[in-house]
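Please keep the sequence and the model in view while reading.

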Amino acid sequence: MSHKAWMKTVPTENCDVLMTFPDTTDDHTLLWLLNHIRLGIPELIVQVRHHKHTRVYAFFVTATYESLLRGADEIGLRKPVKAEFGGGMRSFSCEEDYIYENIENELYFFTSQERQNIIRYWLENLRAKQGESLHNIHFLEGQPIIPELAARGVIQQVFPLHEQRILKRLMKSWVQAVCEAQPLDEICDYFGVKIAMYFAWLGFYTSAMVYPAVFGSILYTFTESDQTSQDICCVVFAIFNVIWATLFLEEWKRRGAEFAYKWGTLDTPAESIEEPRPQFRGVKRISPVTSTEEFYYPPWKRLLFQCLVSLPVCLACLSCVFLLMLGCFQLQVGPHPARARLAAPSALTPSPSPSPQEFVLSIQELPRIIRFLPKIVLAVIVTACDEVYKKVAYWLNDMGA
């Protein structure tokens, strides 16, 4: 089932995040997960729906406004403060909720992206207890349940839903607008800071490219045809590009800092104290840095695995690729003409047997497609190795914790 099919088939007004399952999922799995969500995350409202044509089940997840406020306090969501309380951005606190703008308005205080971010945070932090299992999946104590089930294929998709009302407004003010500034604040509210920052940079870069384009066109127009004039213009244009690139980077640093301050991400916590990836394996301990409970994997075990497993496997893969590539090149490259003349057999010496590449390229009657056979084989090998090595990389990453 595609995202659009679910959005158009069932009403989604009371849904923020959609969780779908394969059509082979049994009732025991659905009830087991539904029970864990309702007991572990009582703030969520989960509706179970079934698509009658594909026979696929889905969980429609949302939350009440009061629960979202507590979730915003839990994750430290930054919200704008009223002017009479100092203005600016501050991490949300339920104890001082009256100081934030639009706190009285349930429809406009949280953007759709913020609602979905809070719900996804709850879902991804649903932890397993010691000894819990589902069929042949055995969870570690404290391991995130939903990311593990998604990695195992038990959960097919977990994705946020669009709001058609906001999409239509963005379509008019952004996609269909011509020669107008991008609505970056609306993009940030709907898609999040990362997406808005990307389009802010893209718009700034596109606008900045006007200067070298105009200057280069002028130089090209007035450059004479002699070589000396062309060399001088190339040097001038190179110097201009160096100056332009320096000014472009410095100006973007300033502009990017303005957007980061405006959208409340200028002083976000470092990635070193963020939650580890869901598939991380380790033992629980109290962090000596943050004094909070965390999963810990001893560095000596990781180093041992890298030296005894990761390094040999990577070297074997590289050697395999090199040998296959070398073999394809040997089939592709024919004998050098000079070497062929020097190695021409005399009447007294027996003629040597032709090598494989000489055999392939020396037969003139072969179809043209056969002559490109080494290149075709190399392309197929590269594609096949890419798929195999991707699985090997995932396995090494998971085993190395």
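Rings of Phe, Tyr and Trp, the last represented by its six-membered ring, are taken to pair if their centres lie within 6.5 Å. The model examined here is predicted. By that rule, Trp201, Phe204, Tyr205, Trp244, Phe248 and Trp252 form one aromatic cluster.

The count of aromatic pairs comes to 22. One of them joins Tyr65 and Phe110, whose ring centres are 5.9 Å apart and whose planes meet at 65°, so the pair is edge-to-face; the cut-off for that class is an angle over 60 degrees. This pair links distant parts of the chain, since its members are 45 residues apart. Tyr65 belongs to helix 3 (residues 65-75), whereas Phe110 lies in the loop between strand 5 (89-91) and helix 4 (112-124).

Are these two residues buried or exposed? Tyr65 has a relative accessible area of 10% and is therefore buried. Phe110 likewise counts as buried, because its relative accessibility is 4%. The threshold applied in this reasoning is under 20%.

The charged end of Arg49 sits over the ring of Phe60, at 4.4 Å from the ring centre. For Lys79, the charged end is placed over the ring of Phe109, with 4.8 Å to the centre.

With a relative accessible area of 32%, Met209 is partly exposed. Its C-alpha atom is separated by 9.9 Å from that of Ala245, a residue 36 positions away along the chain.

Definitions and conventions: Residues numbered from 1 in each chain as written. Predicted model: local features only at pLDDT ≥ 70, side-chain atom pairs only at ≥ 80, totals over all residues. Heavy atoms only, no water. Phe/Tyr/Trp six-rings, centres within 6.5 Å; stacked < 30°, edge-to-face > 60°. Helix = DSSP H or I, 4+ residues; strand = E, 2+ residues; numbered from the N terminus. Buried < 20%, exposed > 50% of the residue type's maximum accessible area, 1.4 Å probe, protein only. Lys NZ or Arg CZ within 6 Å of the ring centre and 35° of its normal.
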